[in-house]
Amino acid sequence: MSVQVNVLPATAADYEEVMSISGGVYEGGDYLPYRYHEWLEDPRRRMFLAKSDGKVVGFETFLLVDGGVTAVVEGLRVAPWMRGHGVAGIIQKHTIDTLRSDHPDVATLRLTHSENPPPSLLKKYTLISSKAIKSILLPADQFEEGLKLLESRVDNSESSINHSVLGPTQVLKLFEGTNIEDLLPSGRLVQSRLALTTHRANLELLLERRIVWLYSHASTPTSSDSTLTTQSHHIYASPLSSINTSFPRFLSLGTPPYPVPFAKGANRVDIDLFGNDPVCAKIHVLKQLQMGTQGLPAGGDIICVLYAEESLRAVLNDLCEELATFFKHRQQLVLEMNISGF
């Protein structure tokens, strides 16, 4: 069946219609309801709707990154009754046409995808990297119990490595002129679904998002360190000069909690783990979750989504054993396509 589909810029007035085709996306853990209006205000981003017979049947957005030479595609969705009619392909073609006409410096299209992408996607895109996904659901009435279970499985005496919350200056310094292959084997700094390089503009973009940057390193806190207290744990915000980039190193990025449609009062926290140290992985998950949920009103479920190197999957499974799994997805792929000659 042939259908007529037009692609138009998305507006604030389209919010409800976009949400109407998004039911069940990410099993209720959808980020778009929270991000939609914020994204409209970002000059680095373009958002598009696909319409058929005057109704919204698709959505996609891209964000300019890497200093303007890459576009990251996010948020693709197609109305259930229009799947299989080529709507996604129409939106993607419009995205590429827009990039070529309005942003000719963009040579690369990048996206993240769950496991088992369709063969048609792999014909166009190159697989850059993959990470394991582990998700847990902490219902409101079981949250304290779940947190205590995680605490019981983290032994801080296992490691003498310190854990520091990095400020903006420290984040920028961490990626200046240092070998980052131990943290980012693929050279991609993936925050939740957003796959970036360590270009300074990308780091500044992430710093706008109030993300907690937690870093494990070999330095020893001094009396001049400022201390951030998280329940019974201390996390040191080390002075710039004390950051030691020797092994072992570990980095995590934790989002502030944000509301999702799963249930009334439900919030989601995304924690991206960089590095392969199993002890650091457990400590970072606990501390990020503690910090991320401080100050939240009681009574809401917490969905925590972890992204980590595949080598840490077994460690995270053991850490989260007996806690309910939320997402069915187990893997996140980073894909890229060169569009300069498209």
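Predicted model: local features only at pLDDT ≥ 70, side-chain atom pairs only at ≥ 80, totals over all residues.
**View 1. The largest pocket and its lining.** At least two lining residues come from each of strand S4 (70-78), helix H3 (87-102), strand S5 (108-114), helix H4 (119-124) and strand S17 (331-338). The greatest contribution to the lining of this pocket is that of S4, with 6 residues. Classified by type, the lining of the largest pocket consists of 16 nonpolar, 13 polar and 7 charged residues.

**View 2. The buried side of helix H2.** Helix H2 spans residues 32-40, and Leu32, Arg35, Tyr36 and Trp39 within it are buried. These residues lie on the same side of H2 because they cover an arc of only 125° around the axis. In an α-helix there are 3.6 residues a turn, so residues three or four places apart point the same way. The elements covering the buried residues of H2 include helix H1 (15-20), strand S2 (45-52), strand S3 (55-65), S4 and strand S14 (258-259).

View 3. The model has a count of 0 disulfides. For Cys320, the closest cysteine sulfur is that of Cys304, at 7.2 Å, which is too far for a bond, because a disulfide requires sulfur atoms within 2.5 Å. Cys320 is counted as buried because its relative accessibility is 1%, under the 20% cut-off. Cys280, also at 1% relative accessibility, likewise counts as buried.

Methods. Residues numbered from 1 in each chain as written. Heavy atoms only, no water. Helix = DSSP H or I, 4+ residues; strand = E, 2+ residues; numbered from the N terminus. Nonpolar A, V, L, I, M, F, W, Y, C, P; charged D, E, K, R; others polar. Buried < 20%, exposed > 50% of the residue type's maximum accessible area, 1.4 Å probe, protein only. Arc of directions from axis to C-beta. Contact = heavy atoms within 4.5 Å.
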